[in-house]
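Please look at the sequence and the structure shown below. The report after them is written for a reader who is new to protein models.

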Amino acid sequence: MMSKKKWLACLEEMDLMFPEAHCELVHRNPFDLLIATLLSAQCTDKLVNRVTATLFQKYHVPKDYVSVSLEELQQDIRSIGLFRNKAKNIQALSEILIADYDSIVPADRDLLMTLPGVGRKTANVVVSVAFGIPALAVDTHVERVAKRLGLNRWKDNPLQVEETIMKKTPADHWSKTHHQIIFFGRYHCKSQNPGCPICPLFDRCREGQKRQKKGLVKREIVTEIN
């Protein structure tokens with residue numbers, strides 16, 4: 001397993017690669033972010049942003065989502081995967097926010113996780129991005145990068161990945177680290193055709209070394225000309 005020292009060195013490289021890493025879900029406030037993150041499950045941020053560009057013009061507060069029929073809301077998010085179930089959860093959580101929280105999104109992960117359709121990842125994103133509370137959400141990119149590098153075992157579940165990263169990362173860096181790992185996984189260490197040939201983490205990467213031994217990676221060597 002990767003040591004804390006090597007992991008922090010990897011984060012330094014990611015910081016150089018993606019110094020401006022941030023949440024790419026477009027939102028105006030915590031409630032928008034909650035909706036967008038819920039919609040992003042098994043879906044790309046790019047598609048979610050296309051849908052919410054018009055969705056957020058029509059819906060502003062929880063009351064707006066419960067004032068229309070379920071069928072109408074489903075139609076508004078139809079291009080999103082699992083749109084029927086997500087529409088049900090959006091209306092259900094909106095009702096709870098109205099009844100129990102005066103239509104205000106709570107800045108508490110445990111409370112957020114009691115809302116329909118809101119899991120640990122979504123709750124972590126909301127408290128981190130919307131409220132600036134240190135948290136580390138594990139999506140497919142974070143899980144893939146952590147396992148490829150050798151920080152986690154392949155059999156580890158998302159919670160184990162989250163706990164390992166938090167243990168080996170200073171708490172005040174959790175939110176920033178979350179976004180940088182996502183950018184690294186989304187734009188460099190992709191699920192298909194990862195950027196191993198030019199990766200600055202290659203020598204530290206368990207998966208990269210394995211791919212090289214199998215002849216799947218040909219490193220690109222850049223020499224400086226003085």
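Predicted model: local features only at pLDDT ≥ 70, side-chain atom pairs only at ≥ 80, totals over all residues.

Residues are numbered from 1 along each chain as its sequence is written, and side-chain values use heavy atoms, with hydrogens and water left out.

**Helix H3**

Helices (H or I, at least four residues) are DSSP runs numbered from the N terminus. Helix H3 covers residues 45-58, and its 14 residues should span 20 Å at 1.5 Å a residue. The expected span is 1.5 Å times one less than the number of residues. The end C-alpha atoms of H3 are 20 Å apart, which agrees. H3 has a kink of about 35° centred on Thr-52; the bend at a residue is the angle between axes fitted to the seven residues ending there and the seven starting there.

Thr-52 is also one of the buried residues of H3, which include Leu-47, Val-48, Val-51, Leu-55 and Phe-56. Buried means under 20% relative accessible area, exposed over 50%, and partly exposed in between (1.4 Å probe, protein chains only). The buried residues of H3 pack against helices H2 (30-39), H4 (62-66), H5 (70-76) and H11 (174-187).

Two packed helices are described by the angle between their axes and the distance between the axes. Axes are lines fitted to C-alpha atoms, for helices over the stretch in contact, and angles run from 0 to 180 degrees between N-to-C directions.

Helix H9 (residues 140-149) packs with H11 at an angle of about 80°, with the axes 8 Å apart. That makes H9 roughly perpendicular to H11, a term for angles of 65 to 115 degrees. On the H9 side, the contact (heavy atoms within 4.5 Å) is made by His-141, Val-142, Arg-144 and Val-145.

H9 also meets helix H12 (residues 206-213): their axes come within 5 Å and cross at roughly 65°. Lys-147, Arg-148 and Leu-149 of H9 contact Arg-206, Glu-207 and Arg-211 of H12.

Most residues other than glycine have a negative phi.

Definitions and conventions: Helix = DSSP H or I, 4+ residues; strand = E, 2+ residues; numbered from the N terminus. Parallel < 35°, antiparallel > 145°, perpendicular 65-115°, else oblique.
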